[in-house]
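This report covers selected strands, a helix pair and the nonpolar cores of one protein model. Please keep the sequence and the 3D view open while reading.

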Amino acid sequence: MASVSHSSIALGGASASASDYLRSSTNGVTGVSLRTLGRRTMVTATTRRSNLYVTARLKKGKKFDHPWPANPDPNVKGGVLSYLSTFKPLGNAQKPVTLDFERPLVELEKKIVDVRKMAGETGLDFTEQIITLETKYRQALKDLYTHLTPIQRVNIARHPNRPTFLDHIHNITDKFMELHGDRAGYDDPAIVTGIGTIDGKRYMFIGHQKGRNTKENIMRNFGMPTPHGYRKALRMMYYADHHGFPIVTFIDTPGAYADLKSEEQGQGEAIANNLRTMFGLKVPILSIVIGEGGSGGALAIGCANKMLMLENAVFYVASPEACAAILWQTSKAAPEAAEKLRITSKELVKLNVADGIIPEPLGGAHADPSWTSQQIKIAINENMSEFGKMSGEELLKHRMAKYRKIGVFIEGVPVEPEKKVNMKRRDAVASTSLKLEGEVEKLREQILKAKETSSEEEVELSSEVLNEMIEKLKSEIDEEYTKAAKAMGLEERLTATREEFSKANAEEHLMHPVLIEKIEKLKEEFNTRLSEAPNYENLKAKLETLKDFSRAKAASDAASVKKELNKRFQEAVSRPEVREKVEAVKAEVASSGASSFEELSDELKEKVMMTKREVEAEMVVVLKSIGLELEAVKPNLKDVIAEESLVPNENIQEKLEKLNQEITEKIEEVVRTPEIKSMVELLRVETAKASQTPDDNTQGSQKIEALELQIKQKIADALSMSGLQEKQEELEKELAAARELAAEESDESLKEDDDDDEDEDGSGSGRSEIINPSFA
């Protein structure tokens, strides 16, 4: 490379200024004009001093039009604002993302596309079908997005295609100039700041910026700022306060970045400093939650005179998944956590945390970003017009008053009736859970005491107390089942299936086999996954408690019935006319000298049997008086011996067991058919309805009886067609013949032991001989 040596006068010329020269006393070059050096692609300046060569190379750089081109092309892709920002429109359109609860809409869209494709291929007119499907789609979309659950709104707020802060800024501003850096050596891309104009008015914009694809999300750290981002925002707030620019902040972050380095660099201090500073700024501050606002990371730029939220935005202190992991040790309970946290825009407006809701199009902000941005622009103009009438001190007082009124409790004032009506029943149940646990333990102690106490010192349990406790437990168990369904994500499917079932039941038709199969699958899935629910142990414990109390109630009821029955029997047998008849018959039997019933005369036998029937009739009257029916009478000794002797031989017994097994298998096969299944399900529904309305259930009872008859007839027809009825008749004939033969052989050996003369009053023995009933 050749070396060039020039004097200072030759290099500079007469037109060079003093500030344009290099001034150095060490490299031997003085008075070299930078402007002159810049005219050459490469210039080498060399001087020789003590055999030392110093060489400098300068390259001409690219010239920028900054901050605004003189003649911007209005047709440039992305608009003229794209000259000023590295945030450019995406080269490829974002891929559509379907959320789980939107799948029914996708199926309708697919049908519409298929019909249009068919119309194009065949040339047929499907206009009416397309209009019908489009109307159905619009109605389904409206129904879905007007009844969103909290967790569904969380998913919409996190939608990958949801417009970001810079998307909205480029849609609503006339000009926008992004400002960088925290003046401490860092520039966090997760927070974007800059000055922009809306309808000629200048604002300072500060917001969280998420990415629109994986590459941008990594660069923007998924919208989670570090301390440098908050310090950059703080610098811009001071700048806006100094120059009198109103501040508009856009919140869209899952939270501040919580890594070790951020904590070391003072994440908490940066957020706290922002909170303190924002309460002292004398310019209007408006915050808008456009996505999710998580914890202190959102609040660090959200202490404003007013906070507005997009319709499907959420604002929370902890994400639903984190809350569920803390409270229920599983993130699967996120739907329930989202409901309990009350994080949606409507709930937060009721709590005075948010001051207004900005509407979104059906389908979410990503369905029509431009329309959503215009709604944001309208909200900014309206609120800034209101703030423009306030002085700096009034703005400070207004901001302070907004946060002072959050969480105010009024004591000693009765709850208004309309608020009582709107109180959720489960909240009331939750508030009395500790009281219920105490009542359960107390009742358990009473049951144990009743079991340990001897029959002479009986401890009676109140049926009313047991019934009340059982009803409370049933209500608690229903709540636990609902919680489990929500935690497993089956609530929507259960609700939809319940609606289909109710609709089918209202039409009073047999259920479609497809619906029956759907119900069975859902039931099987629920039972299979129930053990995974976070509240499974609580549910299991409450079910066990309910079983214990149900057994205790049944035992208590049985004891009461038994006591009443013995009392009535004693009264019936002790009646004078009955007692006299029994005593007279016993005296005649004793005077006859017979040692067995067979030795008595026919007249005396008839008299004994008649007295027995009269006493049994008295017992039946007693049973009916307490609402019981006689099911069977325990046979006497002769009947027992006869029954034991008439047991069929092993061959007949084997045939009988085989036939019973075949009949059982056939009945199970018939019951599993869709027709019988639907009839059984309908019978269950009608039975449940009848139990809920016991006062007026005549029509329901008739329907139940008709269904029972239909089911029995169907089963009987199936058995008769299978040939099992003929087998049963043949076996009955064999059994009857075997019993006749056995009866003839056993008549000679039967003896009856009748030692009733030793009883003092005879009433007890007479009662034991006559009857010993069992009840259903």
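## Basis of the model

The model is predicted; local features need pLDDT of at least 70, side-chain atom pairs count only at pLDDT 80 or more, and totals for chains, interfaces and linings use all residues. Residues are numbered from 1 along each chain as its sequence is written, and side-chain values use heavy atoms, with hydrogens and water left out.

Helices (H or I, at least four residues) and strands (E, at least two) are DSSP runs, numbered from the N terminus. Two strands count as paired if DSSP finds at least two bridges between them. Buried means under 20% relative accessible area, exposed over 50%, and partly exposed in between, with a 1.4 Å probe and protein chains only.

## Strand β7 and its parallel partners

Strand β6 (residues 247–253) runs parallel to β7 and is joined to it by 6 bridges; here Ile251 has Val289 of β7 as its bridge partner.

β7 also pairs in the parallel sense with strand β8 (residues 306–310), over 4 bridges, and Ser287 stands opposite Met307 in β8. A further parallel partner is strand β9 (residues 314–316), with 3 bridges to β7. In that pairing Glu292 stands opposite Val314.

How many residues of strand β4 (residues 191–198) are buried? The count is 8 of 8. Ile191, Thr193, Ile195 and Thr197 point one way from β4, while Val192, Gly194, Gly196 and Ile198 point the other way.

β4 pairs in the antiparallel sense with strand β3 (residues 175–179) over 5 bridges, and Lys175 has Thr197 of β4 as its bridge partner. The pairing of β4 with strand β5 (residues 201–208) is likewise antiparallel, with 8 bridges. Ile191 is bridged to His208 in β5. The hairpin of β4 and β5 has 2 residues between the strands, and Asp199 takes a positive phi near 55° there.

## Nonpolar cores

A nonpolar core is a set of buried Ala, Val, Leu, Ile, Met, Phe, Trp, Tyr and Cys residues joined through side-chain atoms within 4.5 Å. The largest one has 55 residues, and those with the most contacts inside it are Phe205, Ile206, Ile247, Phe250, Ile288, Phe315 and Ile380. Apart from it lies another core, of 18 residues, including Ile652, Val670, Leu683 and Ile704. In soluble globular proteins, nonpolar side chains tend to be buried together.

Contact means heavy atoms within 4.5 Å. Leaving out residues up to four places away in sequence, Phe205 touches a set of residues including Phe165, Phe176, Val192, Gly194, Val248 and Phe250.

## Helices α23 and α25

Helix α23 (residues 536–573) packs against helix α25 (residues 602–625) at an angle of about 145°, with their axes 10 Å apart. Axes are lines fitted to C-alpha atoms, for helices over the stretch in contact, and angles run from 0 to 180 degrees between N-to-C directions.

Leu565, Arg568, Phe569, Ala572 and Val573 in α23 meet Met619, Val622, Leu623 and Ser625 in α25.

## Lysine 486

Lys486 lies in helix α20 (residues 463–487). Why does Lys486 count as buried? Lys486 is classed this way because its relative accessibility is 10%. Its contacts, not counting residues up to four places away in sequence, are Lys332, Pro335, Glu339 and Glu491.
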